[in-house]
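Here's a quick look at one helix and the residues around it. Have the model open while you read.

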Amino acid sequence: MHTNEAVTAILTDITGSDEVRENVDIDLFDEGLLDSLGAVQLLVELEGQLGIQFPVSEFDRTEWATPAKIMAKVAALETL
């Protein structure tokens, strides 16, 4: 599975909404699709499914606010 597809699948599971597939620029926090617990679940799933490690202490909500930003962040972390 392609990384962006995996991120989308994880977000769909966590948010319970297909809207993350339809609009990659939707603000997950402002729309109430993701909260702090969901953000932690997201990081855990990214680590488990994609091997991406990112300390929760360094999590900046603005950098992870949309599916597109999350995909970009994951892509950047994969290259490290």
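Which side chain does Q49 join in a polar contact of 2.7 Å? The partner is E45; a polar contact is a pair of N or O atoms within 3.5 Å, where, within protein, one must be able to donate a hydrogen and the other to accept it, and residues adjacent in sequence count only if both atoms are side-chain atoms.

Keep in mind that this is a predicted model: local features need pLDDT of at least 70, side-chain atom pairs count only at pLDDT 80 or more, and totals for chains, interfaces and linings use all residues. Residues are numbered from 1 along each chain as its sequence is written, and side-chain values use heavy atoms, with hydrogens and water left out.

Q49 sits in helix α3 (helices are DSSP runs of H or I, at least four residues, numbered from the N terminus). Its relative accessible area is 47%, so Q49 is partly exposed (buried is under 20%, exposed over 50%, partly exposed in between, with a 1.4 Å probe and protein chains only).

As for α3 itself, its buried residues are G38, A39, L42, L43 and L46. They cover an arc of only 145° around the axis, so they lie on the same side of α3 (the arc is that of the directions from the helix axis to the C-beta atoms). The face turned away from that buried side carries exposed L37, V44 and G48.

Some distances to check:

| Pair | Distance |
|---|---|
| D35 side-chain oxygen to L37 backbone nitrogen | within 3.2 Å |
| Q49 C-alpha to M71 C-alpha | 14 Å |

After α3 comes G51, with a positive phi near 75°.

Key: Helix = DSSP H or I, 4+ residues; strand = E, 2+ residues; numbered from the N terminus.
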